[in-house]
Amino acid sequence: MNYDINQIKKLADAVYDDAVAFRRRLHMNPELSEYEEKTAAAICEKLDSLGIEYQSGIAGHGISAVIYGSNREHGVGIRADMDALPLTEKAEIPFKSQNPGVMHACGHDIHTAVLLGTAEVLCQMKDKLPGSVRLFFQPSEETIGGAKQMIDAGCLSNPKIDSVIGLHVDTNIDAGSIELIPGPMNAASTEFTVTVTGKSCHGAHPTDGIDALLPACAMVTGLQSVITRRTDPAEAVLITVGTFESGTKENIISGEASFSGIIRSLQMHNMAPVKEHIEALCMATAQAYGATCKVEFTDSYPTLENDDTLLGWVMDAGKLVLGEDHVSINKKPSLGADDFAYFCHSSRGIYYNIGARRPGEEHAYAIHSDCFNPDEECIRTGILTETAAVLKILEEESKTW
Ligand SMILES: [Zn+2]
Ligand SMILES: [Zn+2]
């Protein structure tokens, strides 16, 4: 190890106030997925001031920057997402959102501020970097998966990036601590829409038509049998129907019904058979009721799977900068989805949660709440752990270059 932990801590402390100010600037000016124009401009401004090379306008408003170390062919990546959510902020804070109906309720303002703070620290430790560091400022995490587009645009080459790290704020954990989840951490997801067609008629004379609503209801309840009877109970699969539309008046038999939902699983191998079972169940149900039906699927993010080797290295690095008691393993994955998953499938990845709850706070609002108000101390936790993780990964990987 050719770097000093106290140096990392001092540098992190020195950039902390600026990082908090930058986060507040983003928090006051949140932008929705695919519209992160001002956010990107603010990031470019900061990268310019640090003298970091970058390319902007990738996958919409994405930015790919690089800090060169002694080896310019190989490096490690760090990713931060930058988009906000369609929510009106209710938290009463001095830097409340100034953009009505839009709010940084998933902490992506914090992720961006942490990455810039980490970049500033690493710039001052360039002589300690055996390889280069790629910084991904990634748009559209909440919608279309900007991560995939940045990867498709070639952001994992030149320098060649074999490992990518990323983090997410979590108000279930105290600020100052991090949690890592081995193996599958987030689910793969596929959206589906089912459209049932019958023939409308007077409600008093059902035999004159074909009810579409009744078979659609049978499908919604029947779909849960795919989970309990068609998939391995030891594995995690979830089918959620979130919308249902049918009918125009109480005395008209509805000629059309449609509903939509999402399949989620922690195992990629469940996705194809579950889609087949859903389609078979819906088609057979429609036929049994004399109706017809169309089932459409749109695959979304793959599973987010943490790499075991990287997990070990990031745990070691985290313990050095935070202390043994502030780094823990959580064995419970989430069936939520995150497009960091694409980095795990295109390179190897490690995604970890940083505590954002004020120590002693009884009820801290979770992400996607309009009252979400994380402890900004998590920014220091993020800078410390990203910096230490990058140094550890470069130290280990450079042995093989
Ligand atoms: Zn989110
Ligand atoms: Zn998020």
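Ser 140 is buried, because 25 other C-beta atoms lie within 10 Å; a residue counts as buried if 20 or more other C-beta atoms lie within 10 Å of its own, as exposed if 12 or fewer do, and as partly exposed in between, with C-beta atoms placed from the backbone. Phi of Ser 140 is near 55°, a positive value in a residue other than glycine. Ser 140 sits in the loop between β4 and α4. Helices (H or I, at least four residues) and strands (E, at least two) are DSSP runs, numbered from the N terminus.

The model is predicted: local features need pLDDT of at least 70, side-chain atom pairs count only at pLDDT 80 or more, and totals for chains, interfaces and linings use all residues. Residues are numbered from 1 along each chain as its sequence is written, while chains are lettered from A and ligands numbered from 1 in the order in which they are written.

His 368 also has a positive phi, near 75°, and is a residue other than glycine. His 368 lies in the loop between β16 (348-357) and α9. Is His 368 buried or partly exposed? His 368 counts as partly exposed, because it has 14 C-beta neighbours inside 10 Å.

Strand β4 is largely enclosed by the rest of the structure, because seven of its seven residues are buried. Ser 132, Arg 134, Phe 136 and Gln 138 point one way from β4, Val 133, Leu 135 and Phe 137 point the other way, and all are buried.

Which strands pair with β4? Two strands pair if DSSP finds at least two bridges between them. Strand β2 (residues 62-67) pairs with β4 (residues 132-138) in the antiparallel sense over five bridges, and Ala 65 stands opposite Leu 135 in β4. Strand β3 (residues 74-81) pairs with β4 in the parallel sense over seven bridges, and the bridge partner of Arg 79 in β4 is Phe 136. Strands of a sheet pair through backbone hydrogen bonds, either parallel or antiparallel.

These strands belong to an open sheet of eight strands with mixed pairing, in the order β1-β2-β4-β3-β5-β16-β6-β15. At its edges stand β1 (53-58) and β15 (327-329); each has a single partner strand, so one side of each is left without a neighbour in the sheet. Neighbouring strands of this sheet are turned by 25° against each other on average, direction ignored. Axes are lines fitted to C-alpha atoms, for helices over the stretch in contact, and angles run from 0 to 180 degrees between N-to-C directions.

The bond from Asn 158 to Pro 159 is cis, with omega near 0°, and Pro 159 is in the loop between α4 (146-152) and β5 (160-174).

Helix α9 is mostly covered, with 18 of its 20 residues buried.

A second sheet is open and has four strands in the order β10-β12-β8-β13, with antiparallel pairing. Its edges are β10 (237-246) and β13, each with a single partner strand, so one side of each is left without a neighbour in the sheet. Neighbouring strands here are turned by 20° against each other on average, direction ignored. Strand β8 (residues 188-197) is joined to β12 (residues 256-265) by 10 bridges, and Thr 193 stands opposite Ser 260 in β12. Strand β8 also pairs with β13 (residues 292-299) over eight bridges, where Thr 195 stands opposite Lys 294. Strands β10 and β12 pair over nine bridges, with Leu 238 opposite Arg 264 in β12.

Two helices lie across this sheet. Helix α5 (residues 213-230) lies across β8, β10 and β12, at about 170° to β10. Helix α6 (residues 271-288) lies across β8, β10, β12 and β13, at about 165° to β13.

The domain assignment of the chain gives domain 1 (5-186 + 303-400) and domain 2 (192-299); such bounds come from an automatic or database domain assignment. The C-alpha centres of the two domains lie 39 Å apart. Their contact takes five residues from domain 1 and five from domain 2, where two residues are in contact if their C-beta atoms, placed from the backbone, lie within 7 Å.
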